[in-house]
Amino acid sequence: MVFKHAIRTRYSETGQDGIIHHSSFVIYLEVARLEFFKTLGWDINELEKKKIFCPVIDLSLRYLKPLYSLEDLVIEITVGTFSKVRFSLTYQVFRNETCVATGTVSHCFLNESFKPIPIPEEILKQFRKFAQ
């Protein structure tokens with residue numbers, strides 16, 4: 001299964017050359033991830049209130065085409081790999097039918113002492129639905 005999230009680039013994200021700055025892509029992926037989590041029934045704020053944290057531990061992006069201000073994008077997410085304690089999400093960023101960027105972001109879950117904890121079983125079950 002693939003999760004899709006629409007987002008629009010903003011003028012404030014452009015450089016002097018009129019191209020969206022590369023750092024904005026990281027924000028787009030994060031926004032899409034939080035929406036993906038929300039559709040699965042996990043609100044990041046609720047997890048954090050329970051002292052469960054989900055940091056980024058690795059991030060890789062490949063830029064294929066430039067983006068410009070006020071363009072509509074669709075970010076597609078699938079679950080890449082996952083184990084008992086870590087997981088990766090793979091991303092494809094589309095403008096119309098054209099893939100403009102791809103990425104992989106790895107995460108783990110931590111407790112309030114910032115020690116790794118197993119991925120909750122209910123989350124693992126949902127990951128299996130979205131696994132590549």
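**Cysteines, rings and strands**

Okay, cysteines to begin with. The closest cysteine sulfur to that of C108 belongs to C54, and at 7.2 Å that is too far for a bond. Keep in mind that this is a predicted model. C108 has 10% relative accessibility, so we call it buried. And if you search the whole structure, you get 0 disulfides.

Now the rings. How many aromatic pairs does a search of the whole structure find? It turns up 11. Take F25 and Y28: their centres are 5.9 Å apart with 50° between the planes, a tilted pair. Both sit in helix α1, residues 23–39, and they're 3 residues apart, about one turn of the helix.

F37 and F87 are both buried. They also belong to a cluster linked by ring pairs, whose members include F3, W42 and F127.

F3 takes us to strand β1, residues 3–8, where the side chains alternate. β1 runs antiparallel to strand β3, residues 72–82, with 6 bridges joining them. In β3, I7 has L73 as its bridge partner.

Last stop, the surface. V26, V56 and L59 make a nonpolar patch of about 210 Å². L59 is in strand β2, residues 56–63, and its 38% relative accessibility is why it counts as partly exposed.

Note on methods. Residues are numbered from 1 along each chain as its sequence is written. This is a predicted model: local features need pLDDT of at least 70, side-chain atom pairs count only at pLDDT 80 or more; totals for chains, interfaces and linings use all residues. Side-chain values use heavy atoms; hydrogens and water are left out. Patches are made of residues with over 30% relative accessible area and no salt bridge: like charges are joined within 9 Å, nonpolar side chains (Val, Leu, Ile, Met, Phe, Trp, Tyr) within 5 Å. Accessible areas come from the Shrake-Rupley method with a 1.4 Å probe; for residues, only the protein chains shown count as cover. A salt bridge is a side-chain nitrogen of Lys or Arg within 4 Å of a carboxyl oxygen of Asp or Glu. Helices (H or I, at least four residues) and strands (E, at least two) are DSSP runs, numbered from the N terminus. Buried means under 20% relative accessible area, exposed over 50%, partly exposed in between (1.4 Å probe, protein chains only). Two strands pair if DSSP finds at least two bridges between them. A disulfide is a pair of cysteine sulfur atoms within 2.5 Å. Rings of Phe, Tyr and Trp (its six-membered ring) pair if their centres lie within 6.5 Å; planes under 30 degrees apart count as stacked, over 60 as edge-to-face and the rest as tilted.
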